[in-house]
Amino acid sequence: MPSTCKPSNLTSRRDALRLMGAATAGYALTIVRVTPLAATPADMRTAIEKITGGAKVSAGRVHLEIPPLVENGNTVPCAVTVDSPMTAADHVRAIHIVTEKNPQPNVISCRLGPRAGRATVSTRMRLSDTQTVVAIAEMSNGSFWSGSVNIIITLGACLEDLI
Amino acid sequence: MARALVNIPPKAKRGEVITIRTLMSHQMETGFRYSTTGAPIPRDIITTFIATYNGEEIFRAELFPAIAANPFITFTTVATESGTIELTWRGDNGFAASEQATITVE
């Protein structure tokens, strides 16, 4: 857009800075794209935005149970519990788990409803590195809640012997 | 073929919340690993898990490569009526397996 780049259109120093900021943000985004070895916190944010569709995520109501120190990242038991009465009017619609540094941020996406009785899901996952794991719950009223845990891994997944 | 371990209580009181534990034998190859010759090992995972209660869907999960080998999933449901609970796993390379259990509700 040549018109916005003309100096005459920059009414203030603030506008100029804003333009520069936008340019830098675009550049940073391209840098993230060329290093797909491990998902970055930015990739986790993108994954969360994809889940929520840009809606606000509040902290609380979601409890993520994972041992804080894990020896083997290949099988990490984890349980997610959400505070919810689980009635037809007020229940948890979905539970998602995302990680910060795994090669791909998503771990699992569960869909449940009032017939679940309790909003509890547990599974075993892989963790490649010491990182933060986030659980997100989607409520029937459309709100999103999250809980996170920091986990220390001594032996990460993906590093085991080759076949 | 695929072996599944499923734990569903055979009897329950009406309205009781029961816990269903499932374990499906599957290597869950992530697609991020390389063989000794340096060739990437293609992804081979279970992608979908669905539970139905008398034909009605009660739980569904989408799995990603970050789920450990032999996916273990636990969830709960309300025992509403006697009938069958069917669990279905679907995945890459046409993987499909299902398991059924009957439950008597008093």
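Modeller: Gladly. Let us start with one residue: B:Phe75 counts as buried because it has 26 C-beta neighbours inside 10 Å. The general idea is that a residue is buried if 20 or more other C-beta atoms lie within 10 Å of its own, exposed if 12 or fewer, and partly exposed in between, with C-beta atoms placed from the backbone. This is a predicted model, in which local features need pLDDT of at least 70 and side-chain atom pairs count only at pLDDT 80 or more, while totals for chains, interfaces and linings use all residues. Residues are numbered from 1 along each chain as its sequence is written, and chains are lettered from A and ligands numbered from 1 in the order in which they are written.

Biologist: Which residues is B:Phe75 in contact with, leaving aside its neighbours within four places in sequence?

Modeller: Two residues are in contact if their C-beta atoms, placed from the backbone, lie within 7 Å. Beyond those sequence neighbours, B:Phe75 touches B:Ile20 and B:Phe59 in its own chain, and A:Leu112, A:Ala116 and A:Val121 across in chain A. B:Thr19 is 56 residues from B:Phe75 in sequence, yet their C-alpha atoms are 5.8 Å apart in space.

Biologist: Where does B:Phe75 lie?

Modeller: In strand S6 of chain B. Helices (H or I, at least four residues) and strands (E, at least two) are DSSP runs, numbered from the N terminus. Chain B has eight strands and zero helices.

Biologist: How do I read the pairing of S6(B) with strand S3 of chain B?

Modeller: Two strands pair if DSSP finds at least two bridges between them. Strand S3 (residues 17–24) of chain B is joined to S6(B) by seven bridges, in the antiparallel sense. One residue to look for is B:Arg21, whose bridge partner in S6(B) is B:Thr74.

Biologist: What is the order of the strands in the open sheet of six?

Modeller: It runs S2(A)-S4(A)-S7(A)-S6(B)-S3(B)-S1(B), with antiparallel pairing. At the edges are strand S2 (62–65) of chain A and strand S1 (4–7) of chain B, each pairing on one side only. From one strand to the next, the twist averages 15°; for this, axes are lines fitted to C-alpha atoms (for helices over the stretch in contact), and angles run from 0 to 180 degrees between N-to-C directions.

Biologist: How many residues of chain B are in contact with chain A?

Modeller: On the chain B side there are 27, and they meet 27 residues of chain A. Strand S5 (56–63) and strand S6 (72–78) of chain B each supply at least two residues of that side, and S6(B) gives the most, with seven. There is strand pairing here too: strand S6 (residues 106–111) of chain A runs antiparallel to S5(B), joined by four bridges.

Biologist: What about the hairpin formed by S7(B) and S8(B)?

Modeller: Four residues lie between S7(B) and S8(B), and B:Asn93 in the turn has a positive phi of about 55°. Strand S8 (residues 96–105) of chain B pairs with S7(B) in the antiparallel sense over eight bridges, and B:Trp89 stands opposite B:Ala97 in S8(B). Strand S7 (residues 83–91) of chain B also pairs with strand S4 (residues 46–53) of chain B, antiparallel over seven bridges. There, B:Ile46 has B:Gly91 as its bridge partner in S7(B).
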